Amino acid sequence: MTGTIIVGVDGSNTARKAAESARDLALALNAPLLVVSAFDSDRAEVYGSGSDKGVISAANDAEKVAKSVADSLRSGDLMVSHSVVRGRPADALLKEAARVEANMIVVGNRRMRRIGRVLGSVANSVAHNASCDVYIANTYDAE
């Protein structure tokens, strides 16, 4: 998967806008796109009874978000896949980028202003710790 562009999603409008920017970059660069969603706990709830039991977990929720966004970004010439990674969002993106030898991570600029700029944000952490290029998409009008 060398040359892959990675984008992190969490179901928010700003993450969606960053994913659309990542799609546009992947199409322009003829690169595969990997949509990543993070989960931070092993929390799981069982519902139903007997043979009609189901499980809701943080990992399942992250999988649904990543798959939904990946499916919506697919187009004829674009190879899109998705994955889920346990950990905090920035750490998950960095870990997955290293695993697939990504060329670029795309993140939104949400919380890079005001107090979030001081306390940190996913974009800030990724930009300072990535071993590949980082593209920070303008997502302010999606908030």
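Which residues does Val-106 touch, not counting residues up to four places away in sequence? In this predicted model, local features need pLDDT of at least 70 and side-chain atom pairs count only at pLDDT 80 or more, while totals for chains, interfaces and linings use all residues. Residues are numbered from 1 along each chain as its sequence is written, and side-chain values use heavy atoms, with hydrogens and water left out.

With contact defined as heavy atoms within 4.5 Å, Val-106 touches Ile-5, Ile-6, Val-7, Gly-8, Ala-18, Ala-22, Leu-25, Tyr-135 and Ala-137. Val-106 is also one of the residues that touch the most other members of the largest nonpolar core, together with Ile-5, Val-7, Leu-33 and Val-35. This core has 21 residues. A nonpolar core is a set of buried Ala, Val, Leu, Ile, Met, Phe, Trp, Tyr and Cys residues joined through side-chain atoms within 4.5 Å; buried means under 20% relative accessible area, exposed over 50% and partly exposed in between (1.4 Å probe, protein chains only). At least two core residues come from each of strand E1 (5-8), helix H1 (13-29), strand E2 (33-39), helix H2 (58-73) and strand E6 (104-108). Helices (H or I, at least four residues) and strands (E, at least two) are DSSP runs, numbered from the N terminus. The largest contribution is that of H1, with six residues. Another core, of 16 residues, lies apart from this one and includes Val-85, Ala-102, Ile-105 and Val-126.

Helix H3 (residues 89-100) packs with helix H5 (residues 122-129) at an angle of about 35°, the axes being 9 Å apart. Axes are lines fitted to C-alpha atoms, for helices over the stretch in contact, and angles run from 0 to 180 degrees between N-to-C directions. On the H3 side, Pro-89, Ala-90, Leu-93 and Leu-94 meet Val-122, Ser-125, Val-126 and Asn-129 of H5. The residues of this contact comprise six nonpolar, two polar and no charged.

Ser-37, in strand E2, is buried, with a relative accessible area of 3%. Its side chain reaches the backbone oxygen of Val-9 at 3.2 Å. Leaving aside neighbours within four places in sequence, Ser-37 is in contact with Val-9, Ala-62, Val-65, Ala-66, Ser-83, Val-84 and Val-85.

Two loop residues other than glycine have positive phi values. For Asn-30, in the loop between H1 and E2, phi is near 55°, and the residue is exposed at 67% relative accessibility. For Glu-101, in the loop between H3 and E6, phi is near 55°; Glu-101 is exposed at 53% relative accessibility.

Key. Nonpolar A, V, L, I, M, F, W, Y, C, P; charged D, E, K, R; others polar. Polar contact = N/O pair within 3.5 Å; in protein donor to acceptor, adjacent residues only side chain to side chain.
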